[in-house]
Structures are given as C-alpha cells and as structure tokens.
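My entries follow in the order in which I made them.

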Amino acid sequence: MDASPPLAQPSPRAFPRSLFILSLFYGGMVCIAGVLGVKQVAIGPLAVEAGIFGFLLLVVMASAVAELHGRAAADALVRWGFLPLIASALLIRLVLWLPADPGMYPPAVEAFPIVVGQGARMMIAGLISYGLSQTLNVLIFDKLKGQGVGRFVWLRGMIASIVSQVADTVMFITISFYGERDILGLMGGQMVAKVALSVILVPPLITLFVAWGRRVDARG
C-alpha cells in the first residue's frame, strides 16, 4: 500500500490580480472625481469641470474589466462603486457638521465647505448619473463586441465613453439645475468638452489598461 502523501495541488487564484488592482483604483477614483469637479479648467476654447478626468478613468477601468473579466464583473464593479461613493458623501457631511478647531487657518475654514460641500440635490444627481452612465458604458462596450468592431478595443471604448458621458451630462445637469438656471447652454459646452476628451484620451488609455491587465494576469 502506497503511504506517500498526496501531491499538493496548486490553489486556483480566486481573484485575478488585475481585477483586484483595478477595483482598488476604481474605488479611490469614485471618491476623488466628485471633489475634482469643483474646479473648472480651460482646455483651449473649452471649459470643463476637472472631475471629467476622474470619470473618464472610471469609464476606462470599467470597460477594461469588461474586456478582461466579462460584463458581469464590470457591472459588479459599478454597483460596488456606490459603497465608497455614498460612504465618502456621508463622511463629508459629518465633517462639515462638526465644528472647526478655533486654531484652524481661517481661509481654510471658509474654503473647505466650498470645495467639498454639495447640496442634497447635487448629491442625488451625482449618484443617479454615476450609476446609469457607468452601467450604460459597460453595456455599450460589451454589445459592440459582436458588431464587427470586437477586436478594436479602443474604438469600442471610445464610442461607449462618448454615449455614456453625454448621458451623464444630461442627467446630472437636469437633476441638479432644472428650474434654477438655463441648462441647455450648460449642457452644450459640457458635452462638447466630454466628447472631445473621450476621443483624445480614452483610446490610448483603454489600450494601455487592457494590455497591462493581460500582462499582469499572465504572470499569475
């Protein structure tokens, strides 16, 4: 009778390395993108809120996860993104409610609520526009895979980003400002800027992220 111990079997990787790293990055970017949006930056003749750079990275990461690990994983990433988004919003409200230290630098005391503070209407708008636009991005990116452009990851990513960012702009501005100011002019400028940045930034970024993910996962 063979009494030798059984050979040890390698344990399967329960969570791909690229998915783990992208999930961490995604969670952090969800939190910071809204804060960056406080500032408007000038890119040539275009004026755009700086949060677009964070949101474009979210779009790229969600699409990269869909390409590397499937649509279900990307949809889960978007849904779990609500957790850090809501937690950070609640923490901001808590910190704003707590009294400032009397020794705090006075200009910082005045500036802090302006930088991180948002009204309830804008917070709700951010949650709705985030969820719907990111879900739409993943859906379009995945559906285009079977429409003759499947091997062109950069093209699928760009198209999905353009459509989702236009939808994001319409939802966020409508919910935030409808009835308070003219929203059509605001939408037009934001859409032009977001489409332009989607065309310029998304193709190289998603190509880089997907290539990086495949290389990381191949190493095991």
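Helices (H or I, at least four residues) and strands (E, at least two) are DSSP runs, numbered from the N terminus.

I noted that this is a predicted model, in which local features need pLDDT of at least 70 and side-chain atom pairs count only at pLDDT 80 or more, while totals for chains, interfaces and linings use all residues. Residues are numbered from 1 along each chain as its sequence is written, and side-chain values use heavy atoms, with hydrogens and water left out.

**Entry 1. The whole chain**

I counted eight helices and two strands in the chain. Their order along the sequence is α-β-β-α-α-α-α-α-α-α. I read the span of the C-alpha trace along its principal axes as about 80 × 50 × 30 Å.

The chain has 220 residues, and 36% of them count as buried. The chain exposes about 12,500 Å², of which carbon and sulfur atoms supply 71%. Accessible areas come from the Shrake-Rupley method with a 1.4 Å probe, and for residues only the protein chains shown count as cover.

I then looked at contacts, meaning heavy atoms within 4.5 Å. Of those between residues at least 6 apart in sequence, 75% join residues at least 24 apart.

**Entry 2. Helix 1 against helix 2**

How do helix 1 and helix 2 run, parallel or antiparallel? I found helix 1 (residues 17-36) packed on helix 2 at about 160 degrees, with the axes 8 Å apart. The two are therefore roughly antiparallel; angles under 35 degrees count as roughly parallel, over 145 as roughly antiparallel, 65 to 115 as roughly perpendicular and the rest as oblique. Helix 1 passes helix 2 in a left-handed crossing. I call a crossing left-handed if the near helix is turned anticlockwise from the far one by less than a right angle, and right-handed if clockwise.

From helix 1 the contact includes Leu19, Leu22, Phe25 and Tyr26, and from helix 2 it includes Phe55, Leu58, Met61 and Val65. The residues of this contact divide into 15 nonpolar, four polar and no charged. Here Ala, Val, Leu, Ile, Met, Phe, Trp, Tyr, Cys and Pro count as nonpolar, Asp, Glu, Lys and Arg as charged, and the others, Gly among them, as polar.

I looked up Val65 separately, in helix 2 (residues 51-69). Val65 is buried, at a relative accessible area of 0%. Beyond its neighbours within four places in sequence, Val65 is in contact with Leu19, Leu22, Gly70, Ala73, Ala74 and Leu77. As a distance check I took Val65 and Val109, which are 44 residues apart along the chain and have their C-alpha atoms 40 Å apart.

**Entry 3. Helix 3 and helix 4**

I found that the axes of helix 3 (residues 71-80) and helix 4 (residues 82-97) come within 4 Å and cross at roughly 10 degrees. They are therefore roughly parallel. Val78, Arg79 and Trp80 in helix 3 meet Phe82, Leu83 and Pro84 in helix 4. That contact divides into five nonpolar residues, no polar and one charged.

Arg71 is also in helix 3. I read Arg71 as partly exposed, at 31% relative accessible area. Not counting residues up to four places away, Arg71 touches Ala66, Val138, Leu139, Asp142 and Lys143.

**Entry 4. Helix 6 and helix 7**

Helix 6 (residues 120-143) and helix 7 (residues 153-177) pack at about 160 degrees, with axes 8 Å apart. This pair is therefore roughly antiparallel, and the crossing is right-handed. I noted 17 nonpolar, nine polar and three charged residues in the contact.

**Entry 5. Two glutamines**

Gln134 is in helix 6. Buried or exposed, I asked of Gln134? Gln134 is buried, with a relative accessible area of 2%. Outside four places in sequence, Gln134 touches Tyr26, Leu58, Val59, Ala62, Val78 and Ser129.

Gln190 is in helix 8 (residues 184-219). At 6% relative accessibility Gln190 counts as buried. With neighbours within four places left aside, Gln190 is in contact with Gln40, Ala47, Val48, Glu49, Thr169 and Ile173.

Notes:
Buried means under 20% relative accessible area, exposed over 50%, partly exposed in between (1.4 Å probe, protein chains only). Axes are lines fitted to C-alpha atoms, for helices over the stretch in contact, and angles run from 0 to 180 degrees between N-to-C directions.
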